[in-house]
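Have the structure open while you read.

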Amino acid sequence: MPVQLLKIIKGKSESPLPSHLPEDLKHLQEGFDHTNKYFQGIVLLSYPLMKLEDGTDFFKIVLQDLNDLCSRINSINILIYGKMAEDCARVIRPGDTSIVTGFKVAKSPTADEDGRHSCHLEVSEEAGSAIYIYTKPKAMSAASEMASVRVAPKYMYTSLDQLKDGTIVNLYGVVKFFKPPYVSKGTDYCSIITLVDPSNVKLTCTLFNGNLDSLPKIYKVGDIVRFHRIKIREYNGQMQGVTSMGFASLTFDGTVGAPVVPRTSSKVYTFMDEEQKTIEELRVWAASNLSISGPAAKLSGVQPMLFFDLTCQLVGKAKVDGSSFLLKVWDGTKCPYPTWKVPVEARDLEGEKAVLHQLRNLTVDILVYDNHVQLAKSLKVGSFLRIYSIHTKQASGDDEVGSHIEFHLHGGTCYGRGIGVLPESNPDVKELKAFLESVDLAGSQNMESMSSVEFDGTFSNITDLESQLQRCQQLPVTVLTDHQDLNNTELKTILNSPAPQQYRIRAKLRTYKPQKLHQALKLHCSKCNSLQEVPDGDDFDFILQGSAVTVPNPELQSASWYDSATWTTQDQKQRKIAIHFVKHDEMLQQPEDTLLMIEGGTLKEVWKLTQRFKCVIPVRSTENDLELLDLSAPFLLQGNIKYYGCKLCSTPKPIKNLSSIAAEQRPSWEPTEIAQVLGIEPLQYVFIMRFTLVDGTGAVNAYLFDYEKFFQIPPSEILSNNFLQQKMQMTMNTLCPPGRKLDDLPWLECFIKSYNVRDATKHQVYYQIFDTTVAEDVV
């Protein structure tokens, strides 16, 4: 049988084992022959049985090497497929001793995260594998059971300044920083926690577990944790904590005077009377030495461009697209700014419709992205949440009509971004519930209906849609965002008036140039007012090929503020490539928060890096420092966007100036900030178009100089986003429908201003569109 349960009788197995040779963990390598070998270990973890996409049963366990319990890496993942997975899931328990034969060794994709062996073992009945299990005794004498209850172990606790590499310790600490648990690249959940104690030493712990409830239940900075059997290892001169066999945790509220009640998913734990004194002493110390106050945590106190934590109740949720998810929440207070309502189909919105309608003036829409979507989908409507590091973004200027605030929980885990579910026993939840029950909902329903900017993209049926479209055709297709005191002026009057002046007009768009909309995209320098074409990819590739001739300077590898990795390509050119990863607080960040610099890479290699890391800067080596490439190339790449600098106005500074941003408490790596420290005058993407406007009294050629306002489309993203390209084309087809007679064209309301242009030989008056935007319901 592929899966066998064994008993030990007088020190020997009751069933004969295969005559294989034992294999140590350190000798397991991919590509070697392990046909006549077996691996034996203790089951540390077992994960729930699951099915793969093709319907195959899958079961994962973690075995610790019996022959090397003290090694820093002494455990390995075992992946079990098919019928064996189902059989093993029924009988294997943590603590069992297991023997695996007929296994395949493959590279583990999660080794860097879970700290286990660089390879994992794959077993299945089809591959001829077998697993032998020595189960733990199920029975225990009454005397032994009583003894185990009465005798509580005496634990010794280590202060953070006494930690040593390779040891397994028990410790107490105050949470200075944490990232709520998130799904790692493998099957485990991961939580990152930074602890401090009165020794004034900091310890960062990276904890993994397949069971979310087994990770510490931390709700806020200042909470106190007790870790048992946490493994300490040294990395880059600093101690770090990682999970080991038997790891367990308790978490306590760090507020002085709060009840000392541990949070844990374990049914069995010890907590001595003297440990309560330890908790209270740490609370007093933290209150005096740890800054735990943060930005405003009420919706009534939010401001634009703020990052804050929010304690709230979930009243609705909906899928928006593949990378984002909507959460409708409230905390009983009202945001002082108009808020954006995310357009979703009514049938996709989960939540009680009566409650959603009743709270419509008090709820806000939070869009969560990327790695937070999976957890957001699992949240129960009605649950209480603490959402960490929400970003408030203002959609337009403070003085403009239609200005509103958007709430975003960006992807990644930088600065502790994430979502935590709070139990109803949590003191903050009790306080919030009492406040919510006192809110005057009748009064909130009488609030001004324009308190939120509603972009309703839902129609109950086709008839509604048709009537809505008919109504739109009768409305102006543009919106005026300022100067409402101006009256309409005929174009004939404008043409006969001196410049400069500002006018409000009502006209039709007879034609526009360029007809090929991608030709409208330019780069503009606001300092010298120059315009230039956007370089194509071939230009950038040529510059990269030229820079690859310079071999990376080995003396510039791994400076104090960045770590470097170098290698030689396997092609005929055998290029030397160096990548420099900028650090923060002397530690590497998550890829989505990391800026890196690359030497010797091709265009294809650079684009691959931009899809994984936040920012990429192409550089080359000099004798003493790294430097930017020629400014014909982008000085920064972020996602699909290339950022260029003005050759006339830029005075490039040393790359080491980036270290000043890395040293900030929250380095944002914003392009404008990077440009400033590098001495770059950034070029801005703009749309430059010429509109021929007519109103029956005359015709005016007016130029559109648009950063983002008119089309409500970021010019920087148009080249890499097919959807935005289609949206822009649809907009122009609406403003100037092809093949339509002049009488059938829609009316545009817009502002234009006249200005003089003089040179040595002539004087001309030009016109420019301003403070006008395309109506939301046009496209």
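## Aromatic rings and their neighbours

Phe705 is partly exposed, with a relative accessibility of 27%. Keep in mind that this is a predicted model. Tyr707 also falls in the partly exposed class, at 31% relative accessibility.

How many aromatic pairs are there? The count comes to 14 aromatic pairs. One of them joins Phe705 and Tyr707, in an edge-to-face arrangement. Phe710 and Phe711 make an edge-to-face pair too, because planes over 60 degrees apart get that label and theirs stand at 90°. Here are the two pairs:

| Pair | Centre to centre | Angle between planes |
|---|---|---|
| Phe705 and Tyr707 | 5.6 Å | 85° |
| Phe710 and Phe711 | 5.0 Å | 90° |

Are Phe710 and Phe711 buried or exposed? Phe710 has a relative accessibility of 2%, so it counts as buried. Phe711 is buried as well, with a relative accessible area of 3%. For both, the cut-off that matters is under 20% relative accessible area.

Phe710 and Phe711 also belong to an aromatic cluster, together with Phe687 and Phe691. If you're colouring the rings, those four form one group.

Now for charges over rings. Which residue lies over the face of Phe435? That's Lys298, at 5.4 Å from the ring centre. Over at Phe613, the face of the ring has Arg612 lying over it, and here the distance to the ring centre is 5.9 Å.

How values were computed
Residues numbered from 1 in each chain as written. Predicted model: local features only at pLDDT ≥ 70, side-chain atom pairs only at ≥ 80, totals over all residues. Heavy atoms only, no water. Phe/Tyr/Trp six-rings, centres within 6.5 Å; stacked < 30°, edge-to-face > 60°. Buried < 20%, exposed > 50% of the residue type's maximum accessible area, 1.4 Å probe, protein only. Lys NZ or Arg CZ within 6 Å of the ring centre and 35° of its normal.
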